[in-house]
There are 2 protein chains.
Amino acid sequence: MSKVITPREQDYSKWYNDLVKEADLADHSAVKGCMVIKPGGYAIWENMQKVLDRMFKETGHVNAYFPIFIPKSLFEAEEKNAEGFAKECAVVTHYRLKSSPTEKGKLIVDPDAKLEEELIVRPTSEAIIWNTYKGWIQSYRDLPILVNQWANVVRWEMRTRLFLRTAEFLWQEGHTAHATREEAIEETTKMLEVYADFVENYMAVPVTKGIKTANERFAGADETYCIEALMQDGKALQAGTSHFLGQNFAKAFDVKFADKTGKLDYVWATSWGVSTRLMGALIMSHSDNNGLVVPPKLAATQVVIVPIYKGEEGLKTITEAVKPLIQRLRDKQILVKLDDRDTQRPGFKFAEHELKGVPVRIGIGERDLANGTIEVARRDELTKEVIALADAETYIEQLLIAIQDNLLNRARERQKRLTTEVDTFEEFKKVLDEKTGFIYAHWDGTPETEEKIKQETKATIRCIPLHNKQEAGVCVYSGKPSQQRVLFARAY
Amino acid sequence: MSKVITPREQDYSKWYNDLVKEADLADHSAVKGCMVIKPGGYAIWENMQKVLDRMFKETGHVNAYFPIFIPKSLFEAEEKNAEGFAKECAVVTHYRLKSSPTEKGKLIVDPDAKLEEELIVRPTSEAIIWNTYKGWIQSYRDLPILVNQWANVVRWEMRTRLFLRTAEFLWQEGHTAHATREEAIEETTKMLEVYADFVENYMAVPVTKGIKTANERFAGADETYCIEALMQDGKALQAGTSHFLGQNFAKAFDVKFADKTGKLDYVWATSWGVSTRLMGALIMSHSDNNGLVVPPKLAATQVVIVPIYKGEEGLKTITEAVKPLIQRLRDKQILVKLDDRDTQRPGFKFAEHELKGVPVRIGIGERDLANGTIEVARRDELTKEVIALADAETYIEQLLIAIQDNLLNRARERQKRLTTEVDTFEEFKKVLDEKTGFIYAHWDGTPETEEKIKQETKATIRCIPLHNKQEAGVCVYSGKPSQQRVLFARAY
């Protein structure tokens, strides 16, 4: 067990924070609420970006870039959206500093450099993008527009947690424009599927797909689709959202197109995004008291080789012996690294790679060399095996696949174990407090009941699952009739 | 000649602006001085990023991410740097908007949400990064730190031009920390070489490597290395800079390390960056009155196939006929696209692909089909050839290499033609006004003379070239003795 990380059982929240810092993932910065994404964390985020970007392009999307600032007047144009984000945004009011006339070396805001119109640092880009699309769209020939943006956004959060909730975060935001309602809805669900595919098959995190209730919907959307994941502590985490925006933004920014007959209509819109929050989901799904566990498909280093040697000659001999293996692993596109630092001892290296979540660790010493063997340790199960050095690449290739599968299966089993159907509010509260997890319960469909349950229990409706089983029942809270169970949980 | 673009000869500046907008590269936005990078432009930027990112990683660097905001007090810490950037920065003073009490639907800045300390939107990240490095560095074991960041930055520019000078731009900034002065200088020059390699061998733009004079140096650097390129209109463009920062930032943020003997010393630093400005350099190096010309190595689409057909059946026949060629081109990693839109005629498509700079265009009609031929047009020289469809992939592969080489050679020849040695100030001014281009002239080495020449001619010293020939002479302006010629030009 790592000495630098507080055990999960002792303090889950501290475990998470310790792990994020010690495993070289992220840290707090001098700017309140903003994080520094450290090289170890950024490398995983880059791998996520690469896979997602490929998936977006395979589904016909292209990237573009829009300004970080949104003039206040554009922000006001879509009423609900403005209301939803106005409470938590960074406002640029001036464009110059000047030397303080009283304190040497100090700078003050130059009062003569006040902006005529304040600029908002984007919390999301619908406003600036739809204002731009107005110039891009005249006729059906200009549609669809399938654009994605990789960017930083800022939301002034009061209580922040590394990756999960920070004032600035990195994300991608897709913004598409369509000629018909049907096509826009198809796009919304298509991107939800892309997200679910990514989160399950690369992050090894199972998700439940569904639709948000009106209370939880994105401000400015007609319908918000989402994927919900379950963390180790039994709390839910929204891993991605895909919004059907109807004609709301087209109306706010007057974006019309002429169809083949010349008839004018407002354009239909979607937007969809995932963020560095996914890093939090990844960490909290698989990691343990020894540190981070990374699914092989997203690991920056999949295999690390630690030589156990005496003296310079010893290192040289082992390095020569593992060179062919390294080459054969690289030929299989496996990301392998030889840790030949002479400033640290093997024990230190073992602990460090465990802490940082390298999926497979190979140890090789002089006795192994004589026997033609290596010791292979898998990070997910913390087990070791001695195998033959010759042909080790085939074993390791299979092992990486097995680890990826094992992580997903473990998370699936946990989600199954922590999913409960309840029929009474007593049971609801008891499960929430004692067992935690996902709760399926009947709900009368009203925002009022949803709000009361939230106030009394801190549980929210995570989603109304897609293809939800229809069954008659009564709302656990109001006793009124209900046609289906919805998914409740306490959430990040 | 494209009807949508003003000819270069008529108005070079208008030609550039027209081209950038019409070729789908970028456009102005609703935010003064900020641009929208359109999909066509972003695709080229992405390709630049991919190559540069690989080069950075091959030289041992890793990526990370630091906050977009810099607290004013950190900004003040490095005096010269603060002075250099304070005049042109976006200042966040508030963190909330609220509904206007007098105008319905309007938002006002909430006076109760004033920040205790103003935040500067980063114009460059030395301050926030060195404040972070303080926590990362204790001993020589923690060095070197070789970190790069891909990010957006903001400098409040008054006169902006798409890609060349915008309030917000995208860039990468490397920030490295070293134990010795020598190692930091080695890093500075290594990254200059990486930039020169990229700009010449991918962008096909020849550069002159050199050192900036004290006047033109980065605020906070001990030495600024740069690469300078020459545009079609004879003006210079600084394409990248690599700064040796000495111990300036380590001293400003008190970053010390213990060496092997335990002795404490300040850490040595470098920073280096290139930005979306490179897009401007690429456009202005190769393009013509028909539109953009993109070097094949950076083109999002290298080959476009335009079928010339009658009716649905005709399209189907041609599509089937070119399918094997498309596959064979893809097998060679060539980026090929079939333009089978039925909403536009071939003539329209030809002009559009020319405007957007696709290096190779293939036309294929019914007669070609019968003859087993295709028509191949190269964008750089606007010439066409009819070749056999069978084995066309070998020809096209060679053609792409030839186009890449031709673009670099053309630009090299232009640079050679537009480089002049002058010995008198009369000659200096005459060449500057009539011939334009790079001017090599003797200079007495003083900032005063440099400043006077700038005021009288608008020409600046672009750099003191690396490995510069030493030769005795007299300064063209002051007549004082000089040991070498330096590179002058009017610049973007």
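At what angle do the axes of helix α9 (residues 311-331) of chain A and helix α12 (residues 392-417) of chain A cross, and within what distance do they come? In this predicted model, the two axes cross at roughly 45° and come within 9 Å. The crossing of α9(A) and α12(A) is right-handed. On the side of α9(A), the contact is made by A:Leu325, A:Arg328 and A:Leu329; on the side of α12(A), A:Ala392, A:Glu393 and A:Ile396 take part. Four of the residues in this contact are nonpolar and two are charged, while none is polar.

The overall organisation of chain A was examined next. Its secondary structure comprises 14 helices and 26 strands. Along the principal axes, the C-alpha atoms of chain A fill a box of roughly 80 × 70 × 55 Å. Chain A has 492 residues, of which 49% count as buried. When contacts between residues at least 6 apart in sequence are considered, 68% of those in chain A join residues at least 24 apart.

The domain assignment of chain A gives three ranges: residues 12-286 for domain 1, residues 301-399 for domain 2 and residues 419-489 for domain 3. Taken over C-alpha atoms, the centres of domain 2 and domain 3 of chain A are separated by 50 Å.

The buried residues of α5(A) include A:Glu126, A:Ala127, A:Ile128 and A:Ile129. A:Trp130, A:Asn131, A:Thr132 and A:Tyr133 of α5(A) are buried as well.

In chain B, one residue was followed in detail. B:Val360 lies in strand β19 of chain B, which covers residues 360-364. There are 25 other C-beta atoms within 10 Å of B:Val360; because burial requires 20 or more, B:Val360 is buried. Leaving aside residues up to four places away in sequence, B:Val360 touches B:Gln302, B:Val303, B:Val376 and B:Arg378, together with B:Ile396, B:Leu399 and B:Leu400. B:Glu471, by contrast, is 111 residues from B:Val360 along the chain, and the C-alpha atoms of these two residues are separated by 47 Å.

Key. Residues numbered from 1 in each chain as written. Chains lettered and ligands numbered in written order. Predicted model: local features only at pLDDT ≥ 70, side-chain atom pairs only at ≥ 80, totals over all residues. Helix = DSSP H or I, 4+ residues; strand = E, 2+ residues; numbered from the N terminus. Buried ≥ 20, exposed ≤ 12 C-beta atoms within 10 Å, placed from the backbone. Contact = placed C-beta atoms within 7 Å. Domains from an automatic or database assignment. Axes fitted to C-alpha atoms, helices over the stretch in contact; angles between N-to-C directions. Left-handed = near helix turned anticlockwise from the far one by under 90°. Nonpolar A, V, L, I, M, F, W, Y, C, P; charged D, E, K, R; others polar.
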